[in-house]
Amino acid sequence: MDYFVRLIDMPPAVRSFIKENSDHISATIVINARLSREQQQEQYVHEVGHMERNDFEKDDVNQIETKAHRTQKNRPPCGNRADGVP
Amino acid sequence: MYEIFAKLLARKGVRPADVAKATGISQSFFTDWKSGRYSPKPDKLEKIANYFDVSVDYLLTGVDSEKDYYLNDDARDLAQFLFENPDYKVLFDASRKVKREDLEFVKELIDRFNT
């Protein structure tokens with residue numbers, strides 16, 4: 001799987017997203033440019049994790065994101081980050 | 001807390017020995033936990049929670065506060081639409097409090113990608 005990464009200014013509540021491309025062999029990861037370098041790298045790991053877990057084959061976004069955050073180690077619950085990012 | 005673990009064992013149809021083997025936690029740990037001689041520390045709780053695909057919170061309390069990731073129904077509905085729709089097919093990492101209008105921004109962004 002090839003990943004194309006873009007940094008774009010987005011609302012603070014949206015840290016990143018991943019979109020399967022129409023060729024089905026690549027995906028585009030868009031990361032909020034407002035984040036720090038370290039946070040941007042964390043987001044890259046988070047989004048690649050979705051592909052590794054085959055999350056696009058599942059059904060419910062609630063469960064997908066709950067599990068993604070549960071399995072991402074050393075990440076505090078959303079809304080409780082020490083750096084103030086929501 | 002062991003009672004919650006026992007319910008999870010029954011639900012999944014496994015024994016403590018199976019959990020021990022899968023997680024690398026010793027079988028004696030589960031015996032000691034059942035007898036009340038020992039309470040699991042966070043590292044073991046996390047391994048056990050991951051095995052059953054539940055939150056540590058659920059293991060401790062029996063209540064899963066993470067069941068609904070998105071706290072805003074409108075945002076959740078739009079996130080689900082953007083996930084299912086083949087023109088978008090997107091997954092977000094957003095705050096649990098994200099609003100619908102924040103995801104509308106992303107939708108418009110993708111619309112621009114697609115033109």
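Which strands form the open sheet, and in what order? Four strands take part, in the order β1(A)-β3(A)-β2(A)-β1(B), and the pairing is mixed. The strands at the edges are β1 (2-8) of chain A and β1 of chain B; each has a single partner strand, so one side of each is left without a neighbour in the sheet. On average, neighbouring strands of this sheet are turned by 15 degrees against each other, direction ignored. Axes here are lines fitted to C-alpha atoms, for helices over the stretch in contact, and angles run from 0 to 180 degrees between N-to-C directions.

This is a predicted model, in which local features need pLDDT of at least 70 and side-chain atom pairs count only at pLDDT 80 or more, while totals for chains, interfaces and linings use all residues. Residues are numbered from 1 along each chain as its sequence is written, chains are lettered from A and ligands numbered from 1 in the order in which they are written, and side-chain values use heavy atoms, with hydrogens and water left out.

Chain A contains two helices and three strands, which follow the pattern β-β-β-α-α along the sequence. Helices (H or I, at least four residues) and strands (E, at least two) are DSSP runs, numbered from the N terminus. Of the 86 residues of chain A, 51% count as buried, where buried means under 20% relative accessible area, exposed over 50%, and partly exposed in between (1.4 Å probe, protein chains only).

Strand β2 (residues 14-20) of chain A deserves attention next. Seven of its seven residues are buried, so the strand is largely enclosed by the rest of the structure. Strands of a sheet pair through backbone hydrogen bonds, either parallel or antiparallel. Two strands pair if DSSP finds at least two bridges between them. Five bridges connect β2(A) with strand β3 (residues 26-32) of chain A, in the antiparallel sense. Five bridges also join β2(A) to strand β1 (residues 90-94) of chain B, and these strands run antiparallel. The residue F17(A) illustrates both pairings: its bridge partner in β3(A) is V30(A), and F17(A) stands opposite F92(B) in β1(B). In the hairpin of β2(A) and β3(A), five residues lie between the strands, and H24(A) takes a positive phi near 65 degrees.

In chain B, A94(B) is found in strand β1. At 0% relative accessibility, A94(B) counts as buried. A94(B) and Y69(B) are 25 residues apart in sequence and 9.8 Å apart in space, C-alpha to C-alpha.

Helix α2 (residues 16-23) and helix α4 (residues 42-52) of chain B pack at an angle of about 105 degrees, with their axes 10 Å apart. That makes α2(B) roughly perpendicular to α4(B), since angles under 35 degrees count as roughly parallel, over 145 as roughly antiparallel, 65 to 115 as roughly perpendicular and the rest as oblique. The contact (heavy atoms within 4.5 Å) is made by D18(B), V19(B), A22(B) and T23(B) of α2(B) and by K47(B), Y51(B) and F52(B) of α4(B).

Finally, confidence may be considered. The model scores ipTM 0.77 and pTM 0.64. The mean pLDDT (the predictor's confidence in each residue, from 0 to 100) of chain B is 87, and 96% of its residues reach 70 or more.
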